[in-house]
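Please keep the structure open as you go.

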Amino acid sequence: MPLLAASAEMPVPGSAEPLLIGGRPVQGDGAEITVTNPADGSPIGTVHASSPAQVSEAVAAARRALADSGWAGLQPHQRARVLGRAADEVERQVDHLAELQMLENGKTRTESRAQALSAAGILRYYAAVCECSEEQVPPSRGAYFNMTVYEPHGVVAALTPWNSPLTMGAQKLGPALAAGNAVVLKAAETTTFVTLALARCLVDAGLPEGLVSVVTGGVETAVALTGDPGVDLISFTGGTEAGQSIARKAADRLLPLILELGGKSPHIVFADADLKAAAKAVASGIFGGTGQSCVAGSRLFVEGSVAEEFTALLVAEAEAMRVGPPSDPQSTLGPIASFAHRERVEGYVAKGLAEGGHIITGGRRPEGASYDAGAYYLPTIIGGVSNRATVAQEEIFGPVLCLMRFEDEAGLIADANDSAFGLAAGIWTADYRRAWRVARALEAGTVWINTYKQLSIAAPFGGFKLSGSGREKGLQGMRSYQQAKSLYWGL
């Protein structure tokens, strides 16, 4: 039984899983990739990477599908109908999709199921946006009638990360297809199966053949896809260095880009905050999903007068989080997504200690036979480091929090903005004037006030500085996959 099939029973690893190229299952021509369960190190299955020739064929198939299907020329409500059926199909397969994600990247079953439902919601939202979006009639400045229309770019190269393949996949497929494009989706090597299953839901919902393809592999596949002359727009979510490399190469063709990159988000607690609520939010903001989130609040700034009290509350929250198998409903945190990534996280913790930091809690692998086979790591808080330390400046992408104190608002804002990144931030205070003042001063695309990690598909999302360019989500998220055209009728 292939992994793509919706079934309550997971298959025993066997033959390599086929890719989806031109709307049809095709075996990859590249190197074999064994996908490993980070919870216990067991193999889930194998897939072959896409060769550069197969990537080129996927792009060519997308161009043919656009021409043959008339997708871009359909009335918006007709495209919306397909996306709505795809949302229904995702909901029908929600448990299967959640199981695949849990097996591949170690997110708990509870979180994975929530993300599968969110993927359905994203597709349904863009069905509505597609059907209800309006074109514009700007005021004329002469004897003419003026209209602005929006047209698709054509073929979109979409590259998704391994940490949240269901939501990130839907967040690219939904608006790109609603806008009238075709999509070649590159799956992360470690989350190929769930990405393929998500794309298959669109095919099963009646999306014209070839409008969605899924290719897989490492850097070679990414280079082939983003460099293909048949690609009209690139949408990438991932590391900043990879995003910069893509941007440099795209610049030669002036190719439009949507880049959602790294983050090192400041989470700020003022003395007048509800400290217990803030402690819960800070802990879930950095340790939820084992810290593998672009908006993880990984730099904590606490006002000095309450630093000791708040640290005690935060440590209690961190130590109450149960690390365990992601299939166990009692587990708060599963393993880190891969053994190699756990080593990277451990390397950063060692750097933090070498730079004068000390472990407040965590800083090691959990002990016990039940953890030995998996890529587990405890929620970790490092104190005693400055904002200029490596661990406070570079994205760790793991359950590691740097705790720092501040004494005045001006110094806090300077330190919070002293980062190459600007994706998100959090503020906890009872003073709404201060909340407004600080939120407007922070260089971040999203700021949460007395909450954290609340996300809406209806609100634009993106970063400042090296956290990316362009915006996803909301009406603006669909417009990012379209280009404006002005029409004039002489009167």
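Predicted model: local features only at pLDDT ≥ 70, side-chain atom pairs only at ≥ 80, totals over all residues.

1. Let me begin with helix H9, and with what follows it. Just after H9, Gly-289 takes a positive phi of about 65°. The helix has 13 residues, which at 1.5 Å a residue should span 18 Å, and the distance of 18 Å between its end C-alpha atoms agrees with that.

2. Which residues of H9 are buried? They are Leu-275, Ala-278, Ala-279, Ala-281, Val-282, Ala-283, Gly-285, Ile-286 and Phe-287. As you look along the helix, remember that an α-helix has 3.6 residues a turn, so residues three or four places apart point the same way. The buried residues of H9 pack against H10 and against a set of strands: S11 (266-269), S12 (299-303), S14 (380-383), S15 (400-406) and S17 (424-428).

3. The side chains of Lys-280 and Glu-317 meet with an N to O distance of 3.2 Å. Lys-280 lies in H9 (residues 275-287) and Glu-317 in H10 (residues 307-320), so this pair ties together parts that are 37 residues apart in sequence. Both ends are partly exposed: Lys-280 has 48% relative accessibility, and Glu-317 has 23%.

4. Turning to the whole structure, a search finds 18 salt bridges. One that I would look at is between the side chains of Glu-151 and Lys-485, at 3.1 Å from N to O. This pair links distant parts of the chain, with Glu-151 in strand S5 and Lys-485 in strand S21 (residues 482-490), 334 residues apart. Glu-151 is partly exposed, at 32% relative accessible area, and Lys-485 is partly exposed as well, at 36%.

5. Glu-443 and Lys-465 form another salt bridge, with their closest N and O atoms 2.8 Å apart. Here the pair is 22 residues apart: Glu-443 is in the loop between helix H15 (432-441) and strand S18 (446-449), while Lys-465 is in strand S19 (residues 464-465). Glu-443 counts as partly exposed at 35%, and Lys-465 counts as partly exposed at 36%. Elsewhere, Asp-88, Glu-91 and Arg-124 are linked in a network of salt bridges.

6. How many disulfides does the structure hold? It holds 0. Cys-132 is in no disulfide, and the nearest cysteine sulfur, that of Cys-130, is 9.1 Å away. A disulfide needs the two sulfur atoms within 2.5 Å. Cys-402 is in no disulfide either, with the nearest cysteine sulfur, that of Cys-294, 18 Å away.

7. Pro-38 is placed in the loop between strand S3 (32-36) and strand S4 (43-48), and at 1% relative accessibility it counts as buried. Leaving aside neighbours within four places in sequence, Pro-38 is in contact with a list of residues including Leu-103, Asn-105, Pro-335, Ile-336, Phe-339 and Gly-374. The C-alpha atoms of Pro-38 and Phe-339 are separated by 6.8 Å, although the two are 301 residues apart along the chain.

8. Is Pro-208 buried or partly exposed? Pro-208 is partly exposed, with a relative accessible area of 24%. Its place is the loop between helix H6 (192-204) and strand S8 (212-216). Beyond neighbours within four places in sequence, Pro-208 is in contact with Ser-69 and Trp-71.

Technical notes. Residues numbered from 1 in each chain as written. Heavy atoms only, no water. Salt bridge = Lys/Arg side-chain N within 4 Å of Asp/Glu carboxyl O. Helix = DSSP H or I, 4+ residues; strand = E, 2+ residues; numbered from the N terminus. Buried < 20%, exposed > 50% of the residue type's maximum accessible area, 1.4 Å probe, protein only. Expected span 1.5 Å × (residues − 1). Contact = heavy atoms within 4.5 Å.
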